[in-house]
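Thanks for coming, everyone. Please look at the sequence and the structure on the screen while I talk.

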Amino acid sequence: MKWKKYTLSTTTAAVDLVSAAFSELGIEGIEIEDHVPLSEQDTKGMFIDILPELPPDDGRARVSFYLEPESDTEEMLVRVRESLEELRLFTDIGPGEISESETEDRDWINNWKTFFHPFTVDDILIKPSWEQIPAGAEGKTPIQIDPGTAFGTGAHETTQLCIRQLAKYLKIMRAAGVRDGIEVLDVGTGSGILGIAALKLGAAHVFATDLDDNAVEAVGENLRSNALTEAQFRTVCGNLIDDAEVQAAAGDERYDIAVANILAPVIIALQGEIARHLKHGGIFITSGIIDTKEDEVREAFGRNPEFELLEVNRQGEWVNITVRRR
Ligand SMILES: C[S@@+](CC[C@H](N)C(=O)[O-])C[C@H]1O[C@@H](n2cnc3c(N)ncnc32)[C@H](O)[C@@H]1O
């Protein structure tokens, strides 16, 4: 469906008030364009490692909102303009002009499905639930993933780097006859793809965390789709780095393998905490590291006497670093 897009020219100082006013009118999903750099708080939980270089903030901003073409757009625009005139009484909203255009189809949540087809990562076949196992892939370990709004179709280089490392170390552990079942900690689980891969490749249990509460629902659906249970895979919404409840729920010295495919700064902040949750000899598989940040992550591991470096692997511009707790 094509939507009507309306763009208001305003000021950066008025953006918060304008957004709140639009929200009160029932407008959802606004888009803000300005030259104000993102703060550390803004980027927390986002998959952004390198921030774009922006021209200096000139105080100008554009706020866009979308209306369905079948809705009474004229009436809504009257209410928007009234609301802007009220705001103008106590803040500088700038020109306040509204331009109109028509958007592309905005069914983002479903559109990605058109581009998601089965593919393999070595002996693993990753496919959406609505696709059949393709000819020639019958002997592969199938993983069904419908990520919905959570990250993790398996197509990203960082996810593939982690899957390969999980397969490798699970195989080594199983061959070594690790007793009592292999326990995996999956930090930043997204769709659950890495934890599900671990279970399919022989792990006994997964404990997973994510900051995004969409992940909990996405993991639940993907577990059902793979005939796995929540007794095998527990997902908690929260931050292992600084949330004592999440840290306690994860438990100390419990895991044979931890995996985190997030971002270099998060891996650096996380590594000290991961050590205490891993068993001695446990493996920590990381990715989400862009090649320009590889040295920083290696140095952080190098400063932590708990870890020894095992491997560095690369795919495209992305890096995996795997370490072992001594
Ligand atoms: C790149 S996605 C990885 C998803 C999936 N594990 C994969 O490999 O495809 C990173 C995920 O980490 C989550 N995240 C970011 N910072 C986090 C943190 N401090 N603790 C837990 N999850 C975090 C994000 O919400 C996102 O779902």
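Let's start with one residue. I124 lies in strand β6, residues 124-127. Before we go on, a word on the source. This is a predicted model, in which local features need pLDDT of at least 70, side-chain atom pairs count only at pLDDT 80 or more, and totals for chains, interfaces and linings use all residues. Residues are numbered from 1 along each chain as its sequence is written.

Back to I124. Is I124 buried or exposed? I124 counts as buried, because 21 C-beta neighbours sit inside 10 Å. The rule: buried means 20 or more other C-beta atoms within 10 Å of the residue's own, exposed means 12 or fewer, and partly exposed is in between, with C-beta atoms placed from the backbone. Which residues does I124 touch, leaving out those up to four places away in sequence? They are K140, T141, I143, I163 and A197. Contact means that two C-beta atoms, placed from the backbone, lie within 7 Å. I124 and A137 are 13 residues apart along the chain, and their C-alpha atoms are separated by 8.9 Å.

Now the whole chain. The protein chain has ten helices and 14 strands. Its C-alpha trace spans about 70 × 50 × 35 Å along the principal axes. There are 326 residues, and 33% of them count as buried. Take the contacts with a separation of 6 or more: 68% of them join residues 24 or more positions apart.

Next, the ligand. How many residues surround the ligand? The count is 26, and the closest are G152, T159, G188, G190 and N261. Here a residue is near a molecule or strand if its C-beta atom, placed from the backbone, lies within 6 Å of it. By class, the shell has 13 nonpolar, eleven polar and two charged residues. For the classes, Ala, Val, Leu, Ile, Met, Phe, Trp, Tyr, Cys and Pro are nonpolar, Asp, Glu, Lys and Arg are charged, and the others, Gly among them, are polar. Three elements each supply at least two shell residues: α5 (157-175), α6 (193-200) and β9 (205-210).

The UniProt record, an unreviewed entry, gives the feature "binding site" at T159, G188, D210 and N261. Such annotations may be inferred rather than shown by experiment; feature names are shortened, and positions use the numbering used here.

Let's visit two of those. T159 sits in helix α5. T159 is buried, because 26 other C-beta atoms lie within 10 Å. Setting aside residues up to four places away in sequence, T159 touches G152, G154, I193, L194 and N261.

D210 sits in strand β9. D210 counts as buried, because it has 28 C-beta neighbours inside 10 Å. Beyond four places in sequence, D210 touches G188, T189, G190, A215 and C237.

Stay on strand β9, and find A208 there. A208 has 26 C-beta neighbours inside 10 Å, so A208 counts as buried. A208 and V184 are 24 residues apart in sequence, yet 8.3 Å apart in space, C-alpha to C-alpha. Leaving aside neighbours within four places in sequence, the contacts of A208 include D186, T189, G192 and G195.

On to helix α6. This helix is mostly covered, with seven of its eight residues buried. Those are I193, L194, G195, I196, A197, A198 and L199. After α6 comes G202, with a positive phi near 115 degrees.

What about phi elsewhere? Most residues other than glycine have a negative phi. A227 is not a glycine, but its phi is positive, about 55 degrees. A227 is in the loop between α7 (214-225) and β10 (233-237). With 7 other C-beta atoms within 10 Å, A227 is exposed. E253 is not a glycine either, and its phi is positive, about 45 degrees. E253 is in the loop between α8 (244-250) and β11 (255-261). With 12 other C-beta atoms within 10 Å, E253 is exposed.

That's my tour. Questions, please.

Technical notes: Helices (H or I, at least four residues) and strands (E, at least two) are DSSP runs, numbered from the N terminus.
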